[in-house]
Amino acid sequence: MVLLALAIAVPLLLLRPSETSAYHYEMMGTCRMVCDPYSQKPGGTTAMEVIQNVAPQPPMAQGSRGEPGRPGKPGPRGPPGEPGPPGPRGPPGERGGGKLVFPALTGPDNGEADGLNSTSGSPRIAFYVGLKNPHEGYEVLKFDDVITNLGNLYDPSTGKFTCHVSGIYFFTYHVLMRGGDGTSMWADLCKNGQVRASAIAQDADQNYDYASNSAVLHLDSGDEVYVKLDGGKAHGGNNNKYSTFSGFMLYPD
């Protein structure tokens with residue numbers, strides 16, 4: 001009976017672990033986790049790595065916002081931009097109500113001869129004359145066929161226009177050359193003896209050719225304008241007006 005009890009008790013005692021042994025193993029595990037956190041088994045991770053991966057990190061503390069810094073230096077100037085579209089068209093201006101009034105001319109005759117426009121009081125100066133008699137050599141062409149002479153400022157006896165009202169004038173002339181002998185003809189528009197326009201007609205196996213030119217001149221009172229032959233022969237043409245000289249005032253000073 002005793003032997004039977006021992007046979008049952010002995011195996012039980014051998015299989016049950018003691019409390020001292022369990023505590024030993026628990027302390028060994030805790031000590032290794034605390035005292036040797038950086039030792040790593042082959043093919044494994046350290047205890048510290050496990051703690052860092054598992055334990056959440058505390059949030060970073062955020063301080064107050066600082067004062068703004070000083071403004072930086074201005075950068076280089078950029079390229080100019082493209083021109084903008086044109087603006088809208090402005091309104092039309094008011095119509096002027098003034099009227100130009102020029103000083104009237106006085107002359108020996110009345111009506112159109114004195115160059116006075118009775119409606120506006122502005123001077124009317126214009127002349128158109130033709131050459132009846134032929135000329136040659138070096139002389140002033142005396143256009144003796146007077147068709148128009150407003151202002152009576154052209155003198156057919158001298159062939160000269162004399163200015164009485166300072167201003168801007170237009171002059172033109174056409175002189176027919178009487179050729180056939182192989183010579184040429186020059187005709188100059190002169191102001192107070194100075195050439196202001198020139199023209200030439202050449203006899204190239206022809207009997208006649210034209211020399212023509214025109215000019216816009218400023219004249220002062222007393223200035224003289226005329227056409228001067230500078231070599232050659234000018235054809236008269238009786239009343240046919242092959243050679244003509246004309247001029248008129250554009251506007252006074």
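**Entry 1: ground rules**

For the patch search I take residues with over 30% relative accessible area and no salt bridge, joining like charges within 9 Å and nonpolar side chains (Val, Leu, Ile, Met, Phe, Trp, Tyr) within 5 Å. Accessible areas come from the Shrake-Rupley method with a 1.4 Å probe, and for residues only the protein chains shown count as cover. A salt bridge here is a side-chain nitrogen of Lys or Arg within 4 Å of a carboxyl oxygen of Asp or Glu.

I am working on a predicted model, where local features need pLDDT of at least 70, side-chain atom pairs count only at pLDDT 80 or more, and totals for chains, interfaces and linings use all residues. Numbering starts from 1 along each chain as its sequence is written, and side-chain values use heavy atoms, with hydrogens and water left out.

**Entry 2: the nonpolar patch**

I found a nonpolar surface patch of about 390 Å², made by Val 216, Phe 248, Leu 250 and Tyr 251. Strand S11 gives the most to the patch, with 3 residues. Strands (E, at least two residues) and helices (H or I, at least four) are DSSP runs, numbered from the N terminus. I looked up Leu 250, which sits in strand S11. Leu 250 is partly exposed because its relative accessibility is 43%, on a scale where buried is under 20%, exposed is over 50% and partly exposed is in between (1.4 Å probe, protein chains only).

**Entry 3: confidence and layout**

How far do I trust the chain? The average pLDDT, the predictor's confidence in each residue from 0 to 100, is 76, and 63% of the residues score at least 70. Residues 20–31 fall below 50, and beyond near neighbours in sequence this stretch has 1 contact in the model, a contact being heavy atoms within 4.5 Å. Residues 104–114 are also below 50, but that stretch has 21 contacts beyond near neighbours in sequence. Where pLDDT is low, the predicted coordinates should not be read in detail.

I count 3 helices and 11 strands in the protein chain. Reading from the N terminus, the order is α-α-α-β-β-β-β-β-β-β-β-β-β-β. Of the 253 residues, 27% count as buried. The protein chain exposes about 18200 Å², with carbon and sulfur atoms supplying 56% of it. Among contacts between residues at least 6 apart in sequence, 66% join residues at least 24 apart.

**Entry 4: the core**

Next I checked the nonpolar core, meaning a set of buried Ala, Val, Leu, Ile, Met, Phe, Trp, Tyr and Cys residues joined through side-chain atoms within 4.5 Å. The largest one has 32 residues, and those with the most contacts inside it are Phe 161, Phe 171 and Phe 245. Several strands each supply at least two residues of this core, including S1 (126–130), S7 (184–191), S8 (194–202) and S11 (244–252). The largest share, 5 residues, comes from S6.

**Entry 5: salt bridges**

How many salt bridges turn up by this rule? I get 3.

Lys 241 pairs with Asp 145, the closest N and O atoms being 3.2 Å apart. This pair links distant parts of the chain: Lys 241 is in the loop between S10 and S11, Asp 145 is in strand S3, and they are 96 residues apart. Lys 241 is partly exposed at 29% relative accessibility, whereas Asp 145 is buried at 11%.

Glu 224 and Lys 160 meet at 3.6 Å, N to O. Glu 224 is in strand S10 and Lys 160 in strand S5 (residues 160–162), 64 residues apart. Glu 224 is partly exposed at 28%, and Lys 160 is partly exposed at 22%.

Asp 223 forms a salt bridge with Lys 191 at 4.0 Å between the closest N and O atoms. Asp 223 lies in the loop between S9 and S10 and Lys 191 in strand S7, so this pair ties together parts 32 residues apart in sequence. Asp 223 is buried at 11%, and Lys 191 is buried at 17%.

**Entry 6: positive phi**

Asn 152 has a positive phi of about 55 degrees. Asn 152 is in the loop between strand S3 (145–150) and strand S4 (154–155) and is partly exposed, at 35% relative accessible area. Asn 192 has a positive phi near 55 degrees. Asn 192 is in the loop between S7 and S8 and is partly exposed at 42%.
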